[in-house]
Amino acid sequence: MRVSLKWLSEYVDVPADVKALCDRLDLTGTGVEGVEKTGEAFDHVVVGHVLTCEPHPDSDHMHVVTVDVGAGEPVQIVCGAPNIAAGIKVPVACVGAVLPGDVKIKKSKLRGQVSCGMCCSQRELGMGSDHAGIWVLPDDAPVGAPIADYLKMGDTVLDLEITPNRPDCLSMTGMARELGAMYQEEVRDPLVAMAARLPEVTAGDDVAGTVTVEVADPARCARYTARVIDNVKVGPSPDWLAERVTAAGARSINNVVDVTNYILFLFGQPLHAFDYDRLVGDDGVARVIVRAAGEGEAFTTLDGTDRVLTPDMTVIATPERAVALAGVMGGLDSEVEDDTATVLLEAATFERGRTSRTSRNLGLISESSMRYERGVDDNPIDVISQAAAALLAEVSGGTVRPGVVDVWAERTLPRALEFRIPRFCAMMGADIPRDFIADVLARLGCEVAVTADADVLAVTAPTFRPDLEREIDLYEEVLRLWGMDRIPATLPGSPKRVGTRTEAERTVALVNETLRAAGLNETMTYSFAEPADLERLRLPAEGLGEPVELLNPLNAEQSVMRQSIVPGLLRSVSYNLARGVADVQLYEAGTVFAAAEGRKKPKERKRVAGVLAGAMGDAAWNRPRVPFDFFDGKGVLESLARELALPKVRFRALAPDEALHLQPGRAAEMMADGAVIGWVGELHPLAARAFDIEVPVTVFELDLGALVKAARPARPYVDVPAFPPVSVDVALVVDEGVTHERLVQCMTSAGGRLLEDVRLFDVYRDEERVGAGKKSMAYSLTYRAPDRTLTGEEVEKAHARLIAKVEKATGAEVRG
Amino acid sequence: MAITEELSALRDDTLAAIAAAGTTAALEEVRVAVLGKSGTLTGYLRSMGQVPKEERAAVGKAVNEARVAVEEALGARKAVLDAAELDAAMDAAAVDVTLPGRVQQRGTRHLINGIIDEVSEIFLGLGYSVAEGPEVETDYYNFEALNAPADHPSRSMQDTFYVLDRSGDAARVRGESDVLLRTQTSGVQVHCLEDQGLPIYVIAPGKVYRRDVADPSHLPQFHQIEGLVVDEGITFGDLKGTLDYVCKQIFGPERKTRFRAHYFPFTEPSAEVDVSCGICHGEGCRMCKGTGWLEILGCGMVDPNVLEMSGVDPERYSGFAFGMGVERIACLKYNVPDLRMLLEGDMRFLRQF
């Protein structure tokens with residue numbers, strides 16, 4: 001909210017030090033978002049005295065004038081305004097002035113005549129709308145005086161962030177009260193005096209015969225008042241009024257609208273002025289009905305937009321049609337226009353929730369709706385209406401029709417609260433004096449009384465503070481005005497707390513450490529995805545659920561939540577490749593989402609995925625560049641298996657139709673203890689291409705939950721070998737179809753207890769030496785007994801038995 | 001020639017040969033020729049049986065003397081040659097130590113998670129545990145149980161992503177839904193209050209979503225670290241002391257904090273916390289927009305309504321809660337100029353941290 005300090009100072013003494021005021025406002029809960037000094041814009045604009053005025057020789061409407069601006073020689077100015085004349089005093093923008101709208105005044109020539117400045121209208125100075133001609137100043141205006149000083153235009157306007165709990169601060173009088181509490185200053189509330197300027201209105205009751213108000217649903221409208229002002233002349237506002245509403249951030253429109261805005265800014269009470277004649281029925285009575293809108297009811301708001309309403313919304317209507325969207329905006333066809341002669345003035349309060357919903361549903365936020373959705377007090381409405389009517393009559397030359405229609409269905413009563421001083425001090429952790437508490441609450445508008453218990457104050461919260469509902473709400477008020485900076489800093493004294501990491505957290509940390517130790521860099525990508533992502537990746541959607549759809553996505557590329565982390569990582573691969581970074585090693589651990597029909601919330605699973613493109617690094621003098629392939633990805637997973645001590649880890653070859661996204665023959669599923677952990681493989685070139693990647697990429701995606709579940713963090717001790725091993729190397733020639741896994745299985749089961757380890761150290765293919773369709777697999781077998789040194793015969797016997805079984809089971813031949 | 005003379009000659013010849021041996025290999029040849037299985041001196045030792053009895057003592061003595069002398073000479077010469085050969089080998093193996101070494105590339109932690117780790121460690125040290133919550137929440141956990149019921153004006157402070165509700169429930173406001181992407185980690189507070197016993201000392205780092213178009217200073221997804229303490233006798237002073245300690249741990253011991261009264265639906269009293277600007281130290285500069293302070297978190301005493309809704313007696317227990325933006329810390333501490341870099345996965349960015 002914009003607060004003019006000049007205006008505010010009418011109601012409370014405002015400290016001269018604006019910086020200190022802003023700091024204090026900030027610390028007590030009213031954020032200062034901007035400080036604007038007006039009047040500064042009028043440097044080089046002074047009071048001038050027109051000495052001579054001659055018609056321009058080459059123009060039929062311009063004049064050439066000389067003006068005394070109090071700076072020695074008079075200056076020559078070319079002026080186009082019709083009311084320019086010798087002898088008058090006018091505001092003159094001299095060379096160097098910058099007028100509102102960033103108009104820079106320079107020395108120039110107009111049709112051959114030198115012009116060293118500009119004689120200004122009100123509008124050119126950003127004050128009011130009068131553009132008819134030069135602003136003629138009173139004769140006693142001192143020549144040469146800066147116009148800002150002369151007109152007392154200098155003002156500071158604060159742009160304040162009012163938190164949603166403080167509707168009272170959305171008004172000048174409310175801010176005055178706030179400053180009064182901040183600085184323990186007296187506040188001058190203008191309401192009573194303003195209302196008193198309309199003494200006659202209660203004398204008769206002419207309104208009652210001509211206006212009726214029917215509130216169909218009191219839950220929507222606690223109070224509705226209507227007054228009528230006759231013989232109104234709609235026209236420009238007086239300067240002071242235009243200045244006030246402009247300072248508050250509104251545009252000066254006409255005297256009637258400006259009065260409603262002025263009262264809104266002054267007291268926080270929204271008003272609406274209807275053109276009375278548009279409401280009056282054939283019988284001469286204006287029937288105002290506050291009712292629910294019909295489903296699909298059409299309505300044009302005064303901004304000219306056609307709206308479609310729902311029963312949730314409230315309208316002000318005549319028996320024929322809606323004329324205003326209650327609490328939000330008036331209607332186009334009942335607004336006050338230049339020829340309006342009679343005004344019906346609405347001062348009412350509307351229910352907060354419906355106003356908020358209406359405003360959000362229509363995307364229409366107004367000064368009124370903003371106040372109603374935070375809460376407008378029903379208690380002072382009649383007095384404010386009276387003050388408003390008095391002012392409206394004054395500025396528009398109208399007369400107030402005696403009487404008021406006041407339908408007050410639900411009266412808000414002040415709330416009685418107790419304030420337990422010792423409890424307050426204990427909760428704040430500071431001793432705050434009782435006198436301060438009582439004083440500050442009173443300044444905020446509460447009634448404070450003593451009770452039988454000296455430790456307890458009886459506090460009655462004012463109705464304009466809907467946020468003061470409970471004792472704790474009062475605590476906040478006292479604390480913020482006492483000053484949070486005055487509370488000593490301590491730490492909780494509880495002996496009962498311990499900081500612990502769970503087993504699962506430690507396992508996840510270990511997964512992260514292992515991946516980093518394997519050279520992968522952690523990244524983060526969007527949780528949002530494109531609906532076509534899975535298809536583009538060729539990843540089978542089976543088991544991934546339905547996508548979680550956003551109702552209001554930022555764009556189509558981010559309209560669902562991801563079901564896999566891989567597409568995001570591939571975008572990052574592409575991003576790097578496009579910038580000349582060829583070696584990419586990335587991983588991300590994050591959430592994927594799976595919705596299901598009929599279920600409110602989706603399942604969230606944690607996944608960890610990685611991508612490897614290029615190599616671990618460039619070739620160096622002592623290290624070749626080794627491009628990543630399937631086995632780098634698998635190696636990462638094997639590292640995880642080792643670090644997490646996963647039991648019974650298996651890699652199962654995935655058939656091409658099981659993993660369309662992976663290159664056939666280079667795709668595997670990782671299992672631990674029979675449970676699927678995830679997959680690894682080289683990305684199918686078509687999938688890669690769909691993400692603008694033309695190089696091989698090795699990818700894996702694992703279920704982090706399954707990893708954590710399978711992990712065996714506590715490993716039992718196994719005896720360190722005390723006796724020497726015997727190593728035997730053997731090369732087995734087998735058909736291509738015989739896998740390493742199969743050979744190891746055979747050897748392990750045939751080797752018995754003495755076989756400690758099987759290590760593949762070479763794979764060799766040669767059509768001549770090994771044979772077509774065959775491969776030679778060279779293994780180093782380690783035999784060892786835990787309790788003795790093995791003899792040569794024992795090893796030979798065990799080894800021969802192993803070879804025989806392997807040969808029989810796999811058709812292997814021992815290569816000589 | 002008498003045997004003793006033969007032995008004397010053999011000894012002299014052998015010692016000369018030893019002295020002449022230039023390598024350990026040549027020395028070994030000498031040893032084998034004299035002391036090997038069929039070595040010359042070994043021959044004398046073996047043939048002692050054929051030496052007449054009366055000479056046996058003298059010959060035996062001479063043989064032994066010769067053997068000792070040869071072995072000593074061999075040993076001494078070997079030590080010399082060994083040392084020379086080791087020196088030569090090491091000379092040959094010298095390298096240019098300015099050549100690059102063999103480095104294992106270790107991967108990096110993402111900056112945001114790095115900060116979360118750092119902050120988590122600080123709180124673990126203060127006796128807190130770490131909790132998690134779902135990213136897709138119901139209206140209840142994101143708003144209602146946090147004292148912001150439907151139509152509460154605080155809801156318009158945040159732009160919420162709504163999710164298609166597949167249960168068939170209809171929302172009251174068009175375009176909205178009962179299911180949403182959490183706009184704050186504060187919902188974890190409610191889960192903790194419902195699920196955990198008292199006292200509670202917990203932080204909850206996590207991803208949150210707001211409907212902001214990505215630009216240098218906004219992201220539609222970012223991270224918060226939520227904190228919740230509920231115990232007997234918790235004071236506003238405890239809140240101040242805790243956050244002041246944490247800010248100093250994160251930003252440095254010379255930094256100051258200040259608490260500004262503010263409004264959040266789920267805490268009361270509420271405050272925003274600023275840390276003094278690290279560039280100008282409070283004087284005012286471009287970084288802090290002239291204020292000398294940088295806003296870094298929101299906090300407050302847990303609203304009694306929130307405690308009551310979760311079945312905690314607010315007359316007996318009190319608590320505080322806070323939430324800090326992790327990306328904000330990244331900007332303030334590491335000067336990340338454009339938040340979008342955090343989500344691009346640029347290797348040249350990631351490997352800096």
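Predicted model: local features only at pLDDT ≥ 70, side-chain atom pairs only at ≥ 80, totals over all residues.
Trainee: Buried or exposed?
Mentor: B:Ala66 is buried, because 25 other C-beta atoms lie within 10 Å, and the cut-off for buried is 20 or more.
Trainee: Which residues does B:Ala66 touch, not counting those up to four places away in sequence?
Mentor: B:Leu7, B:Leu10, B:Arg11 and B:Leu41. There is also B:Ala9, which is 57 residues from B:Ala66 in sequence and 9.7 Å from it in space, C-alpha to C-alpha.
Trainee: Switching topic: which residue of chain B does UniProt list for "binding site"?
Mentor: The record, an unreviewed entry, lists B:Glu268 under that heading. In the model, B:Glu268 is found in strand E8 of chain B, residues 267–276.
Trainee: Why does B:Glu268 count as buried?
Mentor: B:Glu268 counts as buried because it has 23 C-beta neighbours inside 10 Å.
Trainee: What is B:Glu268 in contact with, leaving aside neighbours within four places in sequence?
Mentor: From chain B, the contacts are B:Gly300, B:Met301 and B:Asp303. From chain A, they are A:Ile472, A:Asp473 and A:Glu476.
Trainee: Then how many residues of each chain are in contact with the other?
Mentor: 85 residues of chain A are in contact with 82 residues of chain B. On the chain A side, 36 are nonpolar, 26 polar and 23 charged.
Trainee: Now chain A itself. What are its domains?
Mentor: Domain 1 comes in two pieces, 2–39 + 155–189, and domain 2 is 40–150.
Trainee: How do domain 1 and domain 4 of chain A meet?
Mentor: Each of these two domains of chain A gives 12 residues to the contact. On the domain 1 side, helix H4 of chain A (residues 172–183) supplies the largest share, four residues. By class, that side has four nonpolar, five polar and three charged residues. The centres of the two domains are 22 Å apart, over C-alpha atoms.
Trainee: What about helix H2 of chain A: which residues are buried there?
Mentor: In H2, residues 18–27, A:Leu21, A:Leu25, A:Asp26 and A:Leu27 are buried. Their cover includes strand E2 (31–38) of chain A and strand E7 (257–264) of chain B. Just after H2(A), A:Gly29 takes a positive phi of about 110 degrees.
Trainee: Last one: at what angle do helices H8 and H12 of chain A pack?
Mentor: H8 (residues 255–267) and H12 (residues 381–396) pack at about 145 degrees, with their axes 10 Å apart. The crossing is right-handed.
Trainee: Which residues meet there?
Mentor: H8(A) brings A:Asn255, A:Val256, A:Val259, A:Ile263 and A:Phe267. H12(A) brings A:Ile384, A:Ala387, A:Ala388, A:Leu391, A:Leu392, A:Val395 and A:Ser396. The contact has 10 nonpolar residues, two polar and no charged.

Key: Residues numbered from 1 in each chain as written. Chains lettered and ligands numbered in written order. UniProt positions renumbered as here; feature names shortened; annotations may be inferred. Helix = DSSP H or I, 4+ residues; strand = E, 2+ residues; numbered from the N terminus. Buried ≥ 20, exposed ≤ 12 C-beta atoms within 10 Å, placed from the backbone. Contact = placed C-beta atoms within 7 Å. Domains from an automatic or database assignment. Nonpolar A, V, L, I, M, F, W, Y, C, P; charged D, E, K, R; others polar. Axes fitted to C-alpha atoms, helices over the stretch in contact; angles between N-to-C directions. Left-handed = near helix turned anticlockwise from the far one by under 90°.
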